[in-house]
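Me: I have some questions about the terms used for this structure. Please set each value against its definition.

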Amino acid sequence: MTADGSDRHSPPPRPRIHVDPLRDPVPDTPPRAVGPAVTAVAVGVLVLLAAAAAVALDLTDVRERLQAVVLADAPDTSVADAADTVAVTLTVAGAVAAVVVLLGALGAVQLRGRRSSARSVLVTTAVLAAAGSAAFVVATDDAVARPWVHLPAVGAALLVIGAALAFTPAIGRWLRAGERRRTS
C-alpha cells in the first residue's frame, strides 16, 4: 500500500458493458392467433359432440336404415351379417369420434398452456377428424338424416382450421420461447 492509501496493484475501474440481445424478447402474452385457434378447435369438438348426440338419439332408426342399405347393396348378405356390419360401423365411428373429441380438447388445453406439443396433437386430431368424417359420410349418407350427416365434416373443417392457425409464425415463436424458459 502507498502513503496515500491506494493499492498500486488494484485493477483500473472496469468500463460499463451493455449487450444488446440478438432478437427482441418474446412476450409472455399469447399471440392473437391463439384465441381463434382454440375457439376453432373447441367449436369443432362441440360440433362433433352434437353429431354424435344426434346419431345416438336416432340410433335405432339409424341402425335399421344402415342395415337396409347394406342388404340393398349386397342382397346375398344375411340379416345377421348386415347387423354385425352395422354394429362394427357404428362402433368404429363412435370410437373415432371419442378419440377426436379427447385429442381436440387436449390440443386446445396444451395450446392455451403454451406447450409446443399442442401443434402435433392438433394436426393428428385434424387428420383423424377429416378421415373419420369422410368415412362417416360415405358409410352413413343414406341412413343419417341430412343435416346431421354433414356435421362431422363441419367439425373436421373447424379442427383443420384450428390446427392451421397453431402454425402461424407468431404462435411458433411464442411456443419456442415458452419451451426455452421452461428448460432454462
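Reply: First, a definition: buried means under 20% relative accessible area, exposed means over 50%, and partly exposed lies in between (1.4 Å probe, protein chains only). This is a predicted model, in which local features need pLDDT of at least 70 and side-chain atom pairs count only at pLDDT 80 or more, while totals for chains, interfaces and linings use all residues. Residues are numbered from 1 along each chain as its sequence is written, and side-chain values use heavy atoms, with hydrogens and water left out.

Me: Why is Val123 called partly exposed?

Reply: Val123 has a relative accessible area of 34%.

Me: What makes the pair Arg114 and Asp28 a salt bridge?

Reply: The term requires a side-chain nitrogen of Lys or Arg within 4 Å of a carboxyl oxygen of Asp or Glu. In Arg114 and Asp28 the closest N and O atoms are 3.0 Å apart, so the pair meets the definition.

Me: Which parts does the pair tie together?

Reply: Arg114 lies in the loop between H3 and H4, and Asp28 in the segment before H1, so parts that are 86 residues apart in sequence are tied together.

Me: Are the two partners buried or exposed?

Reply: Arg114 has a relative accessible area of 9%, so it is buried. Asp28 has 53%, so it is exposed.

Me: How many salt bridges does the structure hold?

Reply: It holds two. Asp58 and Arg65 form one of them, at 2.6 Å from N to O. Asp58, at 24% relative accessibility, is partly exposed, and Arg65, at 30%, is partly exposed too.

Me: What makes a set of residues a nonpolar core?

Reply: Its members are buried Ala, Val, Leu, Ile, Met, Phe, Trp, Tyr and Cys residues joined through side-chain atoms within 4.5 Å. The largest one here has 22 residues, including Val34, Val41 and Leu111. H1 gives the largest share of this core, six residues.

Conventions
Helix = DSSP H or I, 4+ residues; strand = E, 2+ residues; numbered from the N terminus.
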